[in-house]
Amino acid sequence: MTTHQKNNDRAVFATKFAAIATTVGSAIGLGNIWRFPYEAGIHGGGAFMICYLAFVFIIGVPVLCAEFCMGRQTRSNITGAYNKLAPGSKWHLAGYIGILASVLILSFYSVVAGWTIEYCVSSMFGSLDFSDRETGHEQFMQLTTGWRPVVWTVVFLLCNFYILMRGVTKGIERASYILMPLLFILLVAFCINSFTLPGFTEGITFLFSPDFSKIDASVLLGALGQAFFSLSLGLGCMTTYASYFNNNSRLGKTAVMTATLDSLVAILAGVIIFPAVFSFGLSPEAGPTLVFEVLPFIFNQLPGGVVWSTLFFLLLFLASLTSTISMSEISITFFCEEKRMSRKKATIVSSLIALFGGLLCALSFGPLSNFTIFGHTFFSLFDYLSSNICLPLGGMICSLFVGWVVDKRVIRNQFTNGGKEKFPFLRMLVFCLRWVCPTAIFLIFLNSIGILTL
Ligand code: PHE
């Protein structure tokens, strides 16, 4: 973890900017560019988009605030944070849901991050050819079936391990100060290019005009899961990061900025993908493969496409790394602080667990593709379980905990930095944490298991 100054033997980010940059670095990743378009695609576009944005701002921002509050107040890992705020209670068990979720996510996330490395390398060596629809799909299949995903998943996990082990997180974070804005610029450029595509209007209509009749249980649950996934929320990641914030960081502002930038990047990804989907006659419902099949078509019709695509997949790979580092941090701090392991040992143990999960997910595209549990391969099961169940559940518990159990003075103190700053939204925040967020999440859960029909 970034060591800028020592505070009770724990690292603390030196500046407010570092706090924002690392949380945004964790939030922005494959969730925005890969997962958002495919989820929006299978859930009807506009209907999904509107639910997603509503959940980000009505549920996501308050829960993000709650996680920040727990982290900076206790300066602990996720289970430690619950324990310090409610000693002797059972609340800390919620921390284990978060740790489980982080392992599940890291497992399937590494497979997709592995695809980005493979696409980057293939495009650098000019071996990607996407001149027609068949080729796009076939290339994807060729690049991602059999044993190849296993190799690239391991390569990705090794990069993650190397960074965590060498303690070069600082370097990666510094690099991301430049690379993330670069990714953003690239996305804006591709967005502008979307305007020139023949399917622009169709794509934009699909994404932005909501057909409310399409909103059903699966859209609601999918959008809720996506909001949590994209904000790295509900598993203690933001609690862990906030435990490194310095005392001047403004929690409310950091939460709103993270949510805004994160959704902006997701929207940009949508504006890039859907016009291309309709222009090239592809289906928006392709699922997890969508972005990898569509993007190369876009690069193909751009002058200097190889350069664009190499750069893009490289940046996407780095954005994935800043996210997986934050996921790994959850179990590493847990093992260090609760199980008294050295940081090195904790890193090795968490990486080995991730490697095991990663292999199961990677094999879902090859030898284990016919092995399903409840109709899901390991890859899709891990995704569904973590994003749609563990994260909203973890978020609901965290919201109830901060809303009802944590002393209001602690919350006020955290949001006003000990009375130094103004925070006029305190009552609203507590109201949301007590009532709005838990009720909304609970109703969506009931709805998705068919107990409550809307
Ligand atoms: N938010 C990250 C993304 O959008 C994924 C993530 C989930 C990171 C959970 C940390 C924890 O890619």
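## Lining of the largest pocket

By class, the residues that line the largest pocket are 10 nonpolar, 12 polar and 3 charged; Ala, Val, Leu, Ile, Met, Phe, Trp, Tyr, Cys and Pro count as nonpolar, Asp, Glu, Lys and Arg as charged, and the others, Gly among them, as polar. The model is predicted: local features need pLDDT of at least 70 and side-chain atom pairs pLDDT 80 or more, while totals for chains, interfaces and linings use all residues. Residues are numbered from 1 along each chain as its sequence is written, and side-chain values use heavy atoms, without hydrogens and water.

The volume of the largest pocket is about 490 Å³, taken as the space filled by probe spheres set on grid points joined across faces, edges and corners. Of its 25 lining residues, Y38, P288, T377, F379 and S380 are the closest to the centre. Helix 16 (378-405) gives the largest share of this lining, 5 residues. Helix 2, helix 6 (133-144) and helix 10 also supply at least two residues each; helices are DSSP runs of H or I with at least four residues, numbered from the N terminus.

## Cavities

The whole structure holds 7 cavities of 30 Å³ or more. On a 1 Å grid over the protein atoms alone, a cavity is a set of points where a 1.4 Å probe fits but cannot get out, a pocket is an open set with protein on both sides within 12 Å along at least five of seven lines, and lining residues have an atom within 4 Å of a point.

Helix 14 contributes the most, with 3 residues, and helix 1, helix 5 and helix 10 each give at least two. This lining has 9 nonpolar, 7 polar and no charged residues.

## Ligand site

The ligand sits in the largest cavity, with more than half of its atoms within 2 Å of the grid points. Helix 1 (16-27), helix 2 (30-42), helix 5 (93-124), helix 10 (217-230) and helix 14 (305-338) each give two or more residues to the shell around the ligand. The ligand is surrounded by 16 residues (a heavy atom within 4 Å), and A27, G31, Y109, F229 and S232 are the closest. The shell divides into 8 nonpolar, 8 polar and no charged residues.

Polar contacts are pairs of N or O atoms within 3.5 Å. An oxygen atom of the ligand is 3.3 Å from a side-chain N or O atom of N32, and a ligand nitrogen atom is 3.0 Å from a backbone N or O atom of S230. The protein buries 100% of the 320 Å² that the ligand exposes when taken alone (Shrake-Rupley method, 1.4 Å probe).

How values were computed:
A polar contact is a pair of N or O atoms within 3.5 Å; within protein, one must be able to donate a hydrogen and the other to accept it, and residues adjacent in sequence count only if both atoms are side-chain atoms.
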